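Trainee: I would like to go through this model step by step. Can we start with the terms and then take the residues in turn?

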Amino acid sequence: MEKHKLKDFIDATKEEAGNVAVEEVLPAVVKEAGGFIVGEGVGMLASEIVGAVVPVANNIRLSYKQNRLERNVVEALQIVQRNQDELENKIVKLQQSNLEYQRQITEALLDNIVEEPQEAMVKYNVNGYVNLLKSDNTNLDIVLMFFKTLSQLSDLDIRVLKSYSYLGNDGENILDICKDIHVDFEQMRFIREKLERFGLLQSKNEEINDNNLKEIVKYLQNLEKERKKSKPGSVKIPKLKKVSGSDSYKITPLGRQYLTLIEA
């Protein structure tokens with residue numbers, strides 16, 4: 001498939017006034033990403049991303065916000081461009097068959113990265129976007145839930161989550177993280193509880209309590225069965241597990257799915 005500079009796609013999809021606006025309000029984006037060589041599908045997608053943030057950029061009056069927006073957009077375009085060989089056919093098909101899905105997933109990405117202050121979270125959002133575009137699963141509700149959850153997480157949250165999966169964190173554990181950012185275990189507890197609320201971590205104590213409750217219910221059901229018999233037998237009392245004084249956690253299947261999505 002024939003490829004052109006990204007700048008050509010931006011120019012082709014905007015009227016003349018729009019071309020001037022893009023170069024005026026997003027000069028760093030045009031300068032750094034305009035020379036990317038891309039195919040038609042990726043080029044159209046990238047130009048849509050640029051076009052979508054132009055009104056935002058045009059309303060920004062603070063230079064640090066302008067710089068942050070441009071950094072985030074360039075980062076997004078770089079990741080899309082690096083994955084273009086895998087994305088090209090998928091994007092073309094979506095543009096022909098499910099344009100609404102592509103529009104909403106792109107808007108969800110832009111909502112997350114426009115004012116994101118942490119560069120790592122920009123990367124995670126765009127990696128998730130790219131991996132979701134590659135996927136054959138186009139369940140929009142699941143996709144929007146992914147971006148909504150990611151918008152409420154920080155780089156530290158992701159580091160903590162990774163420490164329970166050993167996925168892409170170079171073996172970093174909770175103690176390493178505490179030493180690196182100078183937080184104590186009490187502060188770390190709030191982060192783990194936050195990840196638990198999102199269903200990304202599971203409390204082992206909660207799991208023990210759930211299993212104990214199941215055993216108790218099973219015991220009571222067996223007692224009731226025996227009670228109804230003419231000659232009831234004895235029912236063995238279940239051995240319940242002791243809950244630890246200090247809670248511990250494990251990553252959930254959903255947590256692993258999230259980490260898989262946000263990794264390049």
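Mentor: Helices here are DSSP runs of H or I, at least four residues long, numbered from the N terminus. The model is predicted.

Trainee: Is aspartate 11 buried, partly exposed or exposed?
Mentor: Buried means under 20% relative accessible area, and exposed means over 50%. Aspartate 11 has 28%, so the residue is partly exposed.

Trainee: What distance separates the C-alpha atoms of aspartate 11 and valine 22?
Mentor: Along the chain, the two are 11 residues apart.

Trainee: Is glutamine 66 buried or exposed?
Mentor: Glutamine 66 sits in helix H5, residues 63-82. The cut-off for buried is under 20%. Glutamine 66 has 14% relative accessibility, so the residue is buried.

Trainee: How many charged residues are in the lining of the largest pocket?
Mentor: The pocket holds about 200 Å³ of space. Helix H9 (140-151) and helix H14 (253-262) each supply at least two lining residues. By class, the lining has eight nonpolar and four polar residues. The charged count is none.

Note on methods:
Residues numbered from 1 in each chain as written. Predicted model: local features only at pLDDT ≥ 70, side-chain atom pairs only at ≥ 80, totals over all residues. Heavy atoms only, no water. Buried < 20%, exposed > 50% of the residue type's maximum accessible area, 1.4 Å probe, protein only. 1 Å grid on protein atoms, 1.4 Å probe; cavity = no way out; pocket = protein on both sides within 12 Å on 5 of 7 lines; lining within 4 Å. Points joined across faces, edges and corners; volume = space filled by probe spheres on them. Nonpolar A, V, L, I, M, F, W, Y, C, P; charged D, E, K, R; others polar.
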